[in-house]
Amino acid sequence: MPFMRRRTREALAGWIFISPALVTQVLFIYFPLGWSFFVSFFRWNLIRPMRYIGFDNYTSMFTSSDFWHSLSVTFVYVAVTVPVSIFIGLLLALLVNLPWLKGKGAFRTFFYVPVITSMAAAAVIWAWIFESNVGLLNYFLSWFGIKSINWLSDPNYALVAMMIIGIWKRIGYNMVLFLAGLQVIPRTYYEAADIDGATPFKKFLSITWPLLSPTTLFVTVMQFIASFRVFVSVSVMTRGGPAQSTQVITFYLYENAFAYLKFGYAAAISVFMFVLMIIFTLIQFRFSKKRVHYL
Amino acid sequence: MGLVLENITKIFRSDGSDMRAVDHIALEIPSGALVTLLGPSGCGKTTTLRMIAGFELPTEGSVRLEGEDITFLPPNQRNISMVFQSYALFPHLSVEENVAFGLKIKHISRDTVRKETREMIDLVGLRGLEKRRPDQLSGGQQQRVALARSLVMKPKVLLFDEPLSNLDAKLRESMRLEIRRIQQETAITSVYVTHDQVEAMSISDLIVIMEKGKIMQKGSPFEVYIRPENAFVADFIGKVNFIEGVADKQDPESGIVVSSSLKKSFNCRNALVEKGRPARIVVRPEAFSLSNARNEELNSIAGTVLSYSFLGSHLEYIVKLPDGSVINALEYNLSERQLPRVGEEKRLFFSKENAWTIPG
C-alpha cells in the first residue's frame, strides 16, 4: 500500500495482528460483562420488552432465602475443594518431582488427564461411580465395612460427591503448576541446607513452601474462581438437589435465567458473583503480600 | 595436613556414555591455607569442590580431612561450609535469620545463636543491616551474608564456588581482599574455585591449575606465573609469548640454548627439555625491553611495530617478527618522545632470567 504513510501502515498491521484476540475478548468477555450489568437493572424475560426497574433485582436477590442458601452452599463447596485440591496437588507435585522416581512422565499424564476430560462426560462416569447399589465407590467402601451411601440422593452426601468430583478435576492442574514452581527453586538452596544438616521436613518448611508462595497464591486465586463457578457436575448429576443441597450459586443463576426466564434477576446474580470474586481476589493478594517471596 | 584428595576421579554416566570430569587428582592442602582451583569452564574444578563438599561421590579415590576419611560422609557430617556462586540466601529470611539458619538446625540455645550470629555479622561488616532481606542488599552485601552464614558454623574447611562471579569488577576487587582478610583472621582451610586468574593470583597461598579433569600444575602464584610447566599453564596465567625452537645444548653457565625458527639461538633459564627435542621459550610481555638499536645480541629479536596502544601506565606493542610470528610486548616508564610509529623497526631484548623453556 504505497499511498499510506509508514506509521499508518505499521499501526494498521498492529491492529490486524491483535484483531482475532481483540474481537474474541470484546465479543465474549467485555460485551457480555457490560450487557449483564445493563440487564441487571431491567425486568426481562426475552418475550416482553425490557422494563427498567432500578435496583429491584438486587433488592430481591438480597432478600431471597434461596439466594443466601445457594451462596452458603457455594461457600462450603469452595472452602473444602480449594484447600484440599491445593494440598493434594502439592503432594502429587512433590511426589512426581522426586529425582529417583521412575516413569514421571506417565504419572504426570495420569494425574493431568482429568483436567482435559470433558466435565459433562466425566459427570456421567462419576454418576455411575456414585450409584448407590452397583457403584464402584460403595463397592470399594464395603471392603472397609462401610454401609452403602446414597451419594447423589442423600442431602447429607450429595455436596460431598460434588466436592470429590471438583477435587478430582482440579488436582492435576494444581500439580502441574506446583511442579513448575518446584523446578525453578535453585538446587543450591537445598545444598546449603544439606550442609547445615536440615531434615527433609525442615527443608520443605524453610525452603520449598516459602519459595512456592507465588505459585500457591496463583493456584489459590485460580481455584477459588474455578470452584466458585462450579456448574456442570451439578447440572448433569443432581440439578441442585436433593432438597437444594447442591444448589450452588451458578446453578441458581442458571435456573432463574433459563427455567424461570428472569434474565434481569440472573444478571444481577452474575454481577454480584463478579464483584465477590474481585473482592476475594484482592483480599488474597493483600493478605499474601508479606507471605509471598519471589525468587 | 588439613585436607587431602587421594587420587580422586569422577565419571558421570549418561545415556550409556562416560564423561570423565575429574581424572585422578591428588592434592594436599595444608591447614589454614587458601588453595584455588583455577581453570576454564568444564575443567573439573567445581566437580572437585562438590566432591569435597559431599554433593558428589568420587568414582575412585578418597577425601581425607585431618586424617579422617570423609569420602562417604553426608555433607552435614563433614564439618565443611560452602559459599555458593549464587549465594543461596533464603529470600524470605532476614540477614540475621539467614546467618542463624544452620545454628538453629543444630538446636543450639537461643542466646548462643544470637551471640554467634551477631559476632559473624560484625566480622563481615554488616551491623545495622540485620533485619534486611537479601533483595534489599547490594551484591557485595549479599556476598558478605553468604560468607557469614558459612563461617558461623565454624567449619574446618570453607569452600568457595566462584563467589565473586556475579559482582562488578570494582566490587570483585574489594571483596576478594575482604575474603582473604577474613580467611586469614579465622585461619580456616579454604578451597576456592574460580576461572579468573587475577582473582586466583591475588588471594591464594597455592594455585592448582586444572584442564580436562587433570591438574596441569600446582604452586604458589609466583611459581605458576614465573615457572609454568607447560604451554597451557603459561597461556592461562597472564599474557605470554612463545618462541618455537629446538633445545640445542645445555650449559650450566648459559642455561639451555634454543635454536628457533628465527635462525637464532637464545639463552634460556631452565633445562626441562632434553637436547634435540622441540622447545618453546616462554617470555612474558613485560619481560621485553625495546630499543632502536640495530646491533645483534644473543637474546634479542628485530621486528616491525604492527600497532600499539597507550594504556596510561604503559604501552602495549604488537611486533611482527621476520618469520611472520607476532610478539606482544609492554613498555613502562614512557615519555612522549618515546612513542613509536607503526612500521618502525624495533629490537626486543629479554634476559636469560626471563626466558623459560617448556616442551614444544
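The model is predicted.

**Chain A overall**

Chain A holds 13 helices and two strands.

| Property of chain A | Value |
|---|---|
| Radius of gyration | 24 Å |
| Box filled by the C-alpha atoms, along the principal axes | roughly 75 × 75 × 40 Å |
| Buried share of the 295 residues | 29% |

Sequence separation gives another view of the chain. Take the contacts in chain A with a separation of 6 or more: 69% of them join residues 24 or more positions apart.

**Where chain A meets chain B**

How many residues of each chain are in contact with the other? On chain A there are 16, and on chain B there are 18. Two helices of chain A, H8 (187-196) and H9 (200-211), each supply at least two residues to the side that touches chain B. H8(A) gives the most, with seven residues. What kinds of residue make up this side of chain A? Eight are nonpolar, four are polar and four are charged.

**A sheet in chain B**

Chain B contains an open sheet of six strands. Their order is E6-E7-E8-E3-E9-E10, and the pairing is mixed. Which strands form the edges? They are E6 (80-83) and E10 (214-219) of chain B, and each pairs on one side only. Neighbouring strands in this sheet are turned against each other by 20° on average, direction ignored.

In general, strands of a sheet pair through backbone hydrogen bonds, either parallel or antiparallel. Strand E9 (residues 206-211) of chain B and E10(B) run antiparallel, and five bridges join them. Within this pair of strands, B:Met210 stands opposite B:Ile215 in E10(B).

**A loop residue in chain B**

B:Arg294 sits in a loop of chain B. On one side of the loop is strand E15 (289-291), and on the other is strand E16 (300-310). Is B:Arg294 buried or exposed? B:Arg294 is exposed, because 8 other C-beta atoms lie within 10 Å, and a residue with 12 or fewer counts as exposed.

How far apart are the C-alpha atoms of B:Arg294 and B:Ile209? They are separated by 40 Å. Along the chain, these two residues are 85 residues apart.

Terms used: Residues are numbered from 1 along each chain as its sequence is written. Chains are lettered from A and ligands numbered from 1 in the order in which they are written. This is a predicted model: local features need pLDDT of at least 70, side-chain atom pairs count only at pLDDT 80 or more; totals for chains, interfaces and linings use all residues. Two residues are in contact if their C-beta atoms, placed from the backbone, lie within 7 Å. Helices (H or I, at least four residues) and strands (E, at least two) are DSSP runs, numbered from the N terminus. Ala, Val, Leu, Ile, Met, Phe, Trp, Tyr, Cys and Pro count as nonpolar, Asp, Glu, Lys and Arg as charged, and the others, Gly among them, as polar. Two strands pair if DSSP finds at least two bridges between them. Axes are lines fitted to C-alpha atoms, for helices over the stretch in contact, and angles run from 0 to 180 degrees between N-to-C directions. A residue is buried if 20 or more other C-beta atoms lie within 10 Å of its own, exposed if 12 or fewer, and partly exposed in between; C-beta atoms are placed from the backbone. The radius of gyration is taken over C-alpha atoms; the globule rule is 2.2 Å times the number of residues to the power 0.38.
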